[in-house]
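Dear colleague,

Please find below the structure that I am handing over to you, followed by an account of what was found in it. I would be grateful if you read the two side by side.

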Amino acid sequence: MGVNISSERRRTGYYGRRILFDDQEIDRIQVQHHFAREAWNGNFSSPIKDVLNAGGATVLDIGCGAGTFLCEMAADYPNARYVGVDKLQIFPNTLPKNVTFIQSDILRGLPFDNDSFDFIYIRFLVFDLADYEWRMVIDEMTRILKPNGYLEMMEPRIEMNNKGPITEKIVNAIQVRARSRHLNPYIVDKFNEFMHSTNKLKNIKYEVKRIPCGKWGDKQGELGAMYMYEIFKKHLHYVNNIQPNEHDNNLNNFLKEIEQFHTYFEFVRCFAQKIKKVDVD
Ligand SMILES: C[S@@+](CC[C@H](N)C(=O)[O-])C[C@H]1O[C@@H](n2cnc3c(N)ncnc32)[C@H](O)[C@@H]1O
């Protein structure tokens, strides 16, 4: 398996980054981006295309990593301005004119005024934010979102459905390790409640995308298998109660089982609009 990120894209500046992550991790994030966009048939679900096209809209990506999402958005909707925030400096060195990156830790609060952005996006932080940190992060994003602006979140549920015995063992080991670090593999199940509890968001929508894993699910299934394979490979590395020499065997068996059992997992997108003061009165 392997997705070829073309040398053309490697020259665009998306890849001109300072390396603090290793290359493999950056490539994994890039592959993840393209896979997610294909799976959802677009980079976002919020109804904000008109706002982005109108000119002067501001977009923020939290935990933006290598900036792939933002740079692509900047090309697709060039009339808007984009800001990426990440606690690590892995942004590209060469940026489109309408993109800025800021190194900042969301858990310390973000250096933006109230009501600053038309669209705020966060995704793929399920292995970065502790269960008890999400509510604070959502409150902070809501604070800096403009009235009528949209907040959108996208994460996988770290679970497999229709799974064989080896897949069960792998998923269980990864979930146990995640929970020991206060991460919640099922954090997506709380997104709705988190958004409601801000009392500042309305039109809350929750979308679930079922992602097949394996050749039985055609092209998307192959990408889904590769996505989960990479997550498993990365996180199994840290699991102590499975011997390292067992990992390769387990991963190979996972690839066989998903074809036999028609295994799938789920992505969730949750998005909502910030209430205007007049809406509350
Ligand atoms: C798996 S990567 C996802 C990157 C990007 N969202 C994407 O979809 O390609 C998670 C990113 O979140 C960043 N991150 C984790 N915790 C953070 C925090 N507290 N504040 C800001 N960034 C954070 C990490 O440095 C990493 O770049």
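The buried residues of α5 are Trp-134, Ile-138, Met-141, Thr-142 and Ile-144. A residue counts as buried if 20 or more other C-beta atoms lie within 10 Å of its own, as exposed if 12 or fewer do, and as partly exposed in between, with C-beta atoms placed from the backbone. Helices (H or I, at least four residues) and strands (E, at least two) are DSSP runs, numbered from the N terminus. The cover over the buried residues of α5 includes β1, β4, β5, α7 (191-197), β6 and β7; contact here means that the C-beta atoms of two residues, placed from the backbone, lie within 7 Å.

Please note that this is a predicted model, in which local features need pLDDT of at least 70 and side-chain atom pairs count only at pLDDT 80 or more, while totals for chains, interfaces and linings use all residues. Residues are numbered from 1 along each chain as its sequence is written.

**Overall make-up**

The protein has ten helices and seven strands. Of its 281 residues, 38% are buried. Among contacts with a separation of 6 or more, 75% are between residues 24 or more positions apart.

**The sheet**

Seven strands form an open sheet of mixed pairing, in the order β3-β2-β1-β4-β5-β7-β6; two strands pair if DSSP finds at least two bridges between them. β3 (99-103) and β6 (201-212) stand at the edges with a single partner strand each, so one side of each has no neighbour in the sheet. On average, neighbouring strands are turned by 15 degrees against each other, direction ignored. Axes are lines fitted to C-alpha atoms, for helices over the stretch in contact, and angles run from 0 to 180 degrees between N-to-C directions.

β4 (residues 117-123) and β5 (residues 145-156) run parallel and are joined by six bridges, with Phe-117 having Leu-145 in β5 as its bridge partner. Two helices may be noted for their packing on the sheet. α4 touches β1 (58-62), β2, β3 and β4, and its direction makes about 180 degrees with that of β2. Helix α5 (residues 134-144) touches β1, β4, β5, β6 and β7 (264-274), at about 150 degrees to the direction of β5.

β1 pairs with β2 in the parallel sense over five bridges, and the bridge partner of Asp-61 in β2 is Gly-84. Four of the five residues of β1 are buried.

**The ligand**

The ligand is surrounded by 20 residues, of which the closest are Gly-63, Gly-65, Lys-87, Phe-124 and Asp-128; a residue is near a molecule if its C-beta atom, placed from the backbone, lies within 6 Å of it. α2 (23-40), α4 (68-76) and β2 (81-86) each give two or more residues to this shell, and α2 gives the most, with three. The shell divides into ten nonpolar, five polar and five charged residues. Ala, Val, Leu, Ile, Met, Phe, Trp, Tyr, Cys and Pro count as nonpolar, Asp, Glu, Lys and Arg as charged, and the others, Gly among them, as polar.

**Helices α2 and α8**

The axes of α2 and helix α8 (residues 218-236) come within 10 Å and cross at roughly 145 degrees. In this contact, Arg-28, Gln-32, Phe-35, Glu-38 and Ala-39 of α2 meet Gln-220, Leu-223, Tyr-227 and Glu-230 of α8.

Yours sincerely
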